[in-house]
Amino acid sequence: MDVKSSKDNWSIVEERIQTSKKTSSHDSTDDQEDIQNFSTASKSSSRQSSTEKNYILTAAEKEKYRMMYESLDVSKMWTLSTGKIVEKQIALFASKCTYEHPAHSLIFDVSDGIWTEYFTPEEITEIMNTKRALLPSLPEELRNYIDTFDKEFYNITVDPLDLYYQAHNTVFHPFKEKDKKWVQQTCLSAADLYLYNILDKYNSLEAKVKHHVWSFLYTLFDGSDVKVEIGEKSSVASANRRNGERRLEGQEARQRKNMGNKMDMLFFYDDCELGCTEVGKNSVGVNDDKYMGDGMLKLPKAMKDMLCMAAKFCPSNLRDFRMIGYVIMGLNLEVVMLDSPVGYVSRIVRTDVFKYPKKINSFSTDIIPIIEIIWKTKVVMETTMKAIENRQKKIADFCSAIPTPVIPPCFNRSDVKTPQKRKFVD
């Protein structure tokens with residue numbers, strides 16, 4: 001791309017912003033200059049050394065983001081009750097960024113503290129709750145069975161056996177009562193962890209965290225139409241995005257095909273991915289590099305890739321889709337949901353961090369909310385699956401126009417490495 005020749009394109013964006021019917025308290029002259037000056041700044045910036053956690057944007061990448069924003073229809077953007085336009089504030093922040101941020105993918109994470117500089121608490125609350133689907137309630141029979149484990153355990157030697165025998169006390173039908181059977185197996189697995197002191201060495205391997213502690217996350221989907229793949233699987237949705245500009249060779253050679261993001265778990269139905277999981281072996285906090293890189297950038301981008309892929313199958317049902325992500329850091333679980341309620345924005349909302357009970361004396365207090373949130377988000381994925389199934393029929397005719405996505409895809413880094421073919425010597 002010739003960056004210099006694109007210099008005047010940003011004036012269109014400036015004109016749109018200045019002629020917007022509704023303005024906000026943050027729309028000062030300085031903000032307009034910040035966006036306008038982004039064009040000049042991007043041309044003077046040069047590629048510096050980037051790391052996985054600090055990816056420095058090139059001038060061409062900044063220009064590409066600016067052109068993407070310019071292509072958006074202002075009348076279709078998300079205007080809050082105060083008159084502030086969400087996409088505009090995202091663009092203001094993105095124009096000041098040196099490094100990649102979810103804002104470059106039009107992802108708004110309500111838990112990201114940076115947005116308090118651009119929105120009032122009331123506006124963030126409005127963004128958080130606008131057209132937000134409520135999580136489903138547990139069936140009464142399942143609730144009653146879960147409540148049988150809601151009791152106090154004190155003796156770390158005797159009580160694991162009590163938990164083990166209680167879980168073994170009932171036999172459930174593998175199909176008619178599969179959810180109660182899942183709860184039963186979850187409690188049996190927990191009893192094993194306490195009886196054999198496995199949690200005292202839980203952080204020795206990432207695979208042990210995934211399979212010994214959190215196996216009930218994927219066994220819940222046994223028998224469901226939503227399937228699970230486990231173990232660093234490449235996301236088809238992110239591969240589609242990374243290869244979106246791949247072309248047949250002509251003036252230039254055909255590019256190698258890029259792989260998608262590798263996720264620890266992928267949840268999918270047919271050809272559509274509905275959710276994913278990122279796992280870390282250590283119970284780190286939200287300020288740790290592992291959490292920030294995987295939980296705040298990699299996972300949200302992968303989830304938006306899935307949303308874009310589902311929207312391609314069924315654009316009319318975009319507002320009904322909810323993508324689910326699980327961030328597991330050792331014994332900590334955070335559940336993430338991404339949707340696109342209004343405009344071009346993809347919204348991220350998060351639960352509190354749930355902690356798997358390391359000792360049995362906190363078992364009922366900690367495990368019951370985890371069981372509930374995993375069951376509820378599984379239903380959310382199944383609801384999205386049904387929305388994809390209920391898509392409109394395609395027109396049986398040749399295309400008469402170039403299809404355009406309802407929401408723009410995620411930001412593509414220019415440094416994505418392509419896989420190299422192995423060379424064999426005869």
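Me: How many salt bridges does a search of the whole structure find?
Reply: Keep in mind that we're looking at a predicted model here. To count as a salt bridge, a side-chain nitrogen of Lys or Arg has to sit within 4 Å of a carboxyl oxygen of Asp or Glu. Searching the whole structure on that basis turns up 18 salt bridges.

Me: How many residues apart in sequence are the parts that Asp-109 and Arg-350 tie together?
Reply: These two form a salt bridge, with their closest N and O atoms 2.7 Å apart. Asp-109 sits in strand E1 (residues 107-109) and Arg-350 in strand E7 (residues 346-350), so the parts they tie together are separated in sequence by 241 residues.

Me: And are Asp-109 and Arg-350 buried or exposed?
Reply: The cut-off for buried is under 20% relative accessible area. Asp-109 falls in that class, and for Arg-350 the answer is likewise buried.

Me: Which helices does the pair Glu-372 and Arg-143 link?
Reply: The side chains of Glu-372 and Arg-143 meet in a salt bridge, 2.5 Å from N to O. That pair links distant parts of the chain, 229 residues apart. Glu-372 belongs to helix H13 (residues 363-389), and Arg-143 to helix H6 (residues 140-147). So the helices are H13 and H6.

Me: Why does Arg-143 count as partly exposed?
Reply: Buried means under 20% relative accessible area and exposed means over 50%, with partly exposed in between. Arg-143 counts as partly exposed because its relative accessibility is 25%.

Me: What is the distance between the closest N and O atoms of Lys-180 and Glu-177?
Reply: Lys-180 is buried, with a relative accessible area of 13%. Glu-177 is partly exposed, at 26%. The two form a salt bridge, and their closest N and O atoms lie apart by 3.3 Å.

Me: Which residues are linked with Lys-301 in a network of salt bridges?
Reply: This is a network of salt bridges with one Glu, one Lys and one Arg. Besides Lys-301, the residues in it are Glu-100 and Arg-413.

Me: Where is Leu-106, the residue with a positive phi although it is not a glycine?
Reply: Phi of Leu-106 is about 55 degrees. This leucine is buried, with a relative accessible area of 0%. Its place is the loop between helix H4 (86-94) and E1.

Me: What about Glu-232: what is its phi near?
Reply: Glu-232 has its place in strand E2. With a relative accessible area of 41%, Glu-232 is partly exposed. Its phi is a positive value in a residue other than glycine, near 50 degrees.

Me: Is Asn-261 buried or exposed?
Reply: Asn-261 is found in the loop between helix H11 (236-242) and strand E3 (262-269). Leaving aside neighbours within four places in sequence, its contacts include Lys-233, Ser-238, Arg-241, Lys-298 and Ala-302. Its relative accessibility is 12%, so Asn-261 counts as buried.

Me: How far apart in space are Asn-412 and Asn-243, C-alpha to C-alpha?
Reply: Asn-412 lies in the segment after H13. Setting aside neighbours within four places in sequence, Asn-412 is in contact with Glu-61, Arg-241 and Arg-242. Asn-412 and Asn-243 are 169 residues apart in sequence, and in space their C-alpha atoms are separated by 9.4 Å.

Me: Is Thr-365 buried or exposed?
Reply: Thr-365 has its place in helix H13. From Thr-365 to Lys-355 the C-alpha distance is 10.0 Å, with the two ten residues apart in sequence. The relative accessible area of Thr-365 is 58%, so the threonine is exposed.

Me: Taking the chain as a whole, what percentage of residues count as buried?
Reply: The chain has 13 helices and eight strands. Its accessible surface comes to about 22400 Å², with 51% belonging to carbon and sulfur atoms. Of the 426 residues, the part that counts as buried is 49%.

Key:
Residues numbered from 1 in each chain as written. Predicted model: local features only at pLDDT ≥ 70, side-chain atom pairs only at ≥ 80, totals over all residues. Heavy atoms only, no water. Helix = DSSP H or I, 4+ residues; strand = E, 2+ residues; numbered from the N terminus. Buried < 20%, exposed > 50% of the residue type's maximum accessible area, 1.4 Å probe, protein only. Contact = heavy atoms within 4.5 Å. Areas by Shrake-Rupley, 256 points an atom, 1.4 Å probe, with all protein chains shown as cover.
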